[in-house]
Amino acid sequence: AVKNSFVIFYSGERAKSKILKICDAFGANRYPFPEDLATQLHTIQEVSGKVSELKATVEIGLAHRDGILESIACEYEQWNNLLKKEKAIYHTLNMFSLDVTKKCLVAEGWSPVFATSQVQDALHRATSGSNSEVGCIFQILNTQESPPTYFQTNKFTSSFQDIVDAYGIASYQEVNPGLFTIVTFPFLFAVMFGDWGHGICIFLTAMYLIIREKKLASQKLDDIVEIMFAGRYVILMMSLFSIYTGLIYNEFFSVPFELFGKSAYACHDPSCGDATTEGLVRVGQTYPFGVDPVWHGSRSELPFLNSLKMKMSILLGIAQMNLGIVLSFFNAKYFKNIVNVWYQFVPQLIFLNSLFGYLSLLIIIKWCTGSKADLYHIMIYMFLSPTDDIGENQLFPGQRIVQVW
């Protein structure tokens, strides 16, 4: 609280009585001020001495408090963990119910079959450790309720499982899509970020996190580093696939290299100055692996590479979607659900592959034949004008009949 001090000079007893009443009304403390100078100095010395004593008392109290806090600082984390454990134990015990004898606690819960012996061992250790006179009874109950889903994971698969669980958890005994995500997730990432220089940087980061995982796991990390550390094996797989697709795209930080041989193309005329802007002619065998380095920097680089990556993304995406539909068939077969087979699996398979599956087929045919057909035009007019003549966009005989069907 802030206090203001003031001095009042007055003349006469009548003014004094009024001033005293005002001070009492506002709760002001009154201190006499002697007229004698020696008495004033003595009073000042007394007040200064009291202030010094109070300051010393406050400083000693603060120092004592700091000393106590420093002495318990090393034990604070241990106390905090102990408190959390106690709170977790009591929170769990609150979900138990009392036995009819009111001497025992009864609890029901789900446990994986393989963990039965582990649960019994834990109960036995708890009984012997607490010197309880009553032993723990573990009994398997029969129930009609649907069990919760449990997928056993390790440090490698847990991050991939978390990605799948973020979208939805499979029902009990359904196929676990997390297993397939170990391949599909990093590979689809690599299709977008196909650069083996970029992939090596990610690989080195992932290896650093994996090599030092024991030390990092025992430390308290900030939010971003903790997310990276939890997904270190996902990052490792992404980097390996990114290196692979980067070699296919022939890109090292967007710079091409002749790693697997010489380019199959050269400038058509020795006098031309820049082979990347002039016409090229084929002078050698096809580049053995990935994209020919001569495409990078040429006039047709963007149309060629964008078309390649976009069409490859479509093929991989449709393959993954078909995989999901096939997995739903195995779920329906396992649960003997014929309705889901005929009225979910079959229609989904037909509708997906009649549209995007057919598009994937056209992409492969166009790649194999080198046709200049416009796939956008084919897919749009397959619905707008299915009976019209396809003309120059025809990729195979009988294409119009197939599209109408």
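**Stop 1: the charges.** Select the Lys, Arg, Asp and Glu side chains. The protein chain carries 31 positive and 36 negative side chains. The centres of the two sets lie 5 Å apart. Here Lys and Arg count as positive, Asp and Glu as negative, while His and the chain ends are not counted. Each charge is placed at NZ of Lys, CZ of Arg, CG of Asp or CD of Glu.

A word on what you have open: this is a predicted model, in which local features need pLDDT of at least 70 and side-chain atom pairs count only at pLDDT 80 or more, while totals for chains, interfaces and linings use all residues. Residues are numbered from 1 along each chain as its sequence is written, and side-chain values use heavy atoms, with hydrogens and water left out.

**Stop 2: the whole chain.** Zoom out and show the cartoon. The protein chain has 13 helices and four strands. These are DSSP runs, numbered from the N terminus: helices are H or I with at least four residues, strands are E with at least two. Along the principal axes, the C-alpha atoms fill a box of roughly 125 × 80 × 50 Å. The radius of gyration is 40 Å, whereas a compact globule of 405 residues would have one near 22 Å. That radius is taken over C-alpha atoms, and the globule rule is 2.2 Å times the number of residues to the power 0.38.

Buried residues make up 22% of the 405 residues. Buried means under 20% relative accessible area, exposed over 50%, and partly exposed in between (1.4 Å probe, protein chains only).

**Stop 3: helix α2.** Select residues 37-93, which form helix α2. Gln 40 sits in this helix. Is Gln 40 buried or exposed? Gln 40 counts as buried because its relative accessible area is 16%. Beyond its neighbours within four places in sequence, Gln 40 is in contact (heavy atoms within 4.5 Å) with Phe 33, Pro 34 and Glu 35.

Move along to Ala 56, also in helix α2. Ala 56 is partly exposed, at 32% relative accessible area. Draw a distance from Ala 56 to Ala 206. Their C-alpha atoms are separated by 57 Å, and the two are 150 residues apart along the chain.

**Stop 4: helix α4.** Select residues 158-167. Ser 159, Phe 160, Gln 161 and Val 164 are buried in α4. Show α5, α8 (223-230) and α9 too: the buried residues of α4 pack against them. Next, pick Asp 162 in the helix. Asp 162 counts as exposed because its relative accessibility is 51%. Its C-alpha is 86 Å from that of Arg 14, 148 residues away along the chain.

**Stop 5: the largest nonpolar core.** Select Phe 160, Leu 236 and Met 237. They touch the most other members of this 14-residue core. A nonpolar core is a set of buried Ala, Val, Leu, Ile, Met, Phe, Trp, Tyr and Cys residues joined through side-chain atoms within 4.5 Å. Helices α5 (178-192), α6 (196-211) and α9 (232-249) each supply at least two residues. Which helix gives the most to this core? That is α9, with seven residues. Centre on Met 237. Leaving aside neighbours within four places, Met 237 contacts Phe 156, Phe 160, Ile 182 and Pro 186.

**Stop 6: the second core.** A separate core of 13 residues includes Ile 363, Ala 373, Leu 375 and Met 382. Now select Gln 403, in helix α13 (residues 399-404). Gln 403 is buried, at 13% relative accessible area. Not counting residues up to four places away, Gln 403 touches Tyr 358, Ile 378, Met 382 and Ile 390. Thr 387 is 16 residues from Gln 403 in sequence and 8.9 Å away, C-alpha to C-alpha.

**Stop 7: two loops.** Most residues other than glycine have a negative phi. Select Phe 253, in the loop between α9 and β3 (265-267). Phe 253 is not a glycine, yet has a positive phi of about 50°. Phe 253 is partly exposed, at 45%. End at Lys 336, in the loop between α10 (301-334) and α11 (338-369). Its phi is also positive, near 55°. Lys 336 counts as exposed, with 72% relative accessibility.
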